[in-house]
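Please look at the sequence and the structure first.

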Amino acid sequence: MLTDQVAAEFWNVGYVAIEGFLTVEECDSLREQIAKVVDDMDVPKHLQTEFSTDESEQLKTQGSTDYFLTSGDKIRFFFEKGVFDSKGDLLVPKEKSLNKIGHALHALEPTFKNLTCSPKVKEVTQKLDLQEPVIVQSMYIFKQPRIGGEVTPHQDATFLYTEPLGRIMGFWIAMEDATENNGCLWFIPGSHKAGISRRMLRAPKGEYPLLKFIGQEHNYSDDEFISAPVKKGGLILIHGEVVHKSGSNTSDQSRHAYTFHIMESKDTKWSEENWLQPTPELPFPLLYT
Ligand SMILES: O=C(O)CCC(=O)C(=O)O
């Protein structure tokens, strides 16, 4: 599935798209499973958290930051902006209200666990010569029709920092066709070679604010980005330092995706200042067992 040429392209460009990684049936079974998770969703009003990639918004919502910070070993729900009325009731059907579910589907939902640890995934990490890969997080992203918000330009290592850099890789799998109209990913080719410009840090225990950023994202111009549309079942491999974004969904068609991040744990230090920390309940699981 991943030829030497495609692997070389990944290391050189910072991302690569592989069509047909999953079959349509495999995608449908993951979608059915997520529909059940959404159906069973019961989030207390005070924990209803609207998700934003805007830095000032993230730092403002201290009340819900703890819900996010403790979601690494759980299945938690993050909503689109503007879906609640002033009483905290949903203005849209609940299956249309979510921005994403995170961050431990790979451990807690069997259909997602099977895929994340599947021979197909291992074939990719072996081809990329990873020695001791571990799974650090997973998310199901909805990009809802009309209201699915943009994801602003970022590098994943801003949030998942390692020493040395170059140890984080995202698997992003389209559960539906992803196009420029419904909010596909966009990349700056080769941008993974310039290090990172910003980090998100968790405060030491007992200190506030719970999260802060150091450094700044550069001001990228739109024409530096190349779109990466893929069909349902297509995989995009994302280098931890490549600059990428996704547009808002301006169409009537949703753009679901399942994504998880893998770290080469051999000779790597996971930062204790990262928002996401392994827990006694869920240490980062090894991919090769
Ligand atoms: O799915 C999206 O729209 C954005 C995903 C992304 O940028 C990420 O997971 O780092």
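## The ligand and its surroundings

Histidine 154 has a polar side-chain atom 3.0 Å from an oxygen atom of the ligand. This is a polar contact, meaning a pair of N or O atoms within 3.5 Å; within protein, one must be able to donate a hydrogen and the other to accept it, and residues adjacent in sequence count only if both atoms are side-chain atoms.

| Residue | Distance from its polar side-chain atom to a ligand oxygen atom |
|---|---|
| Histidine 154 | 3.0 Å |
| Serine 246 | 2.6 Å |

Taken alone, the ligand exposes 300 Å², and the protein buries 95% of that. These areas come from the Shrake-Rupley method with a 1.4 Å probe. Residues around the ligand, with a heavy atom within 4 Å of it, include Met139, Trp172 and His244.

The model is predicted: local features need pLDDT of at least 70, side-chain atom pairs count only at pLDDT 80 or more, and totals for chains, interfaces and linings use all residues. Residues are numbered from 1 along each chain as its sequence is written, and side-chain values use heavy atoms, with hydrogens and water left out.

## Cavity and pocket

On a 1 Å grid over the protein atoms alone, a cavity is a set of points where a 1.4 Å probe fits but cannot get out, while a pocket is an open set with protein on both sides within 12 Å along at least five of seven lines; lining residues have an atom within 4 Å of a point. A volume is the space filled by probe spheres set on the points, which are joined across faces, edges and corners.

There is one cavity of 30 Å³ or more. The largest cavity has a volume of about 40 Å³, and its lining includes Gly72, Asp73 and Phe284. The second largest pocket holds about 360 Å³. Of its 19 lining residues, Asp66, Leu69, Thr70, Arg202 and Lys205 lie nearest its centre.

## Cysteines

How many disulfides are there? The count is zero, with a disulfide taken as a pair of cysteine sulfur atoms within 2.5 Å. The sulfur of cysteine 117 is too far for a bond, because the closest cysteine sulfur, in cysteine 27, is 18 Å away. For cysteine 184, also in no disulfide, the nearest cysteine sulfur is that of cysteine 27, 17 Å away. Cysteine 184 counts as buried (under 20% relative accessible area, with exposed over 50% and partly exposed in between; 1.4 Å probe, protein chains only), because its relative accessibility is 0%. Cysteine 117, at 25%, counts as partly exposed.
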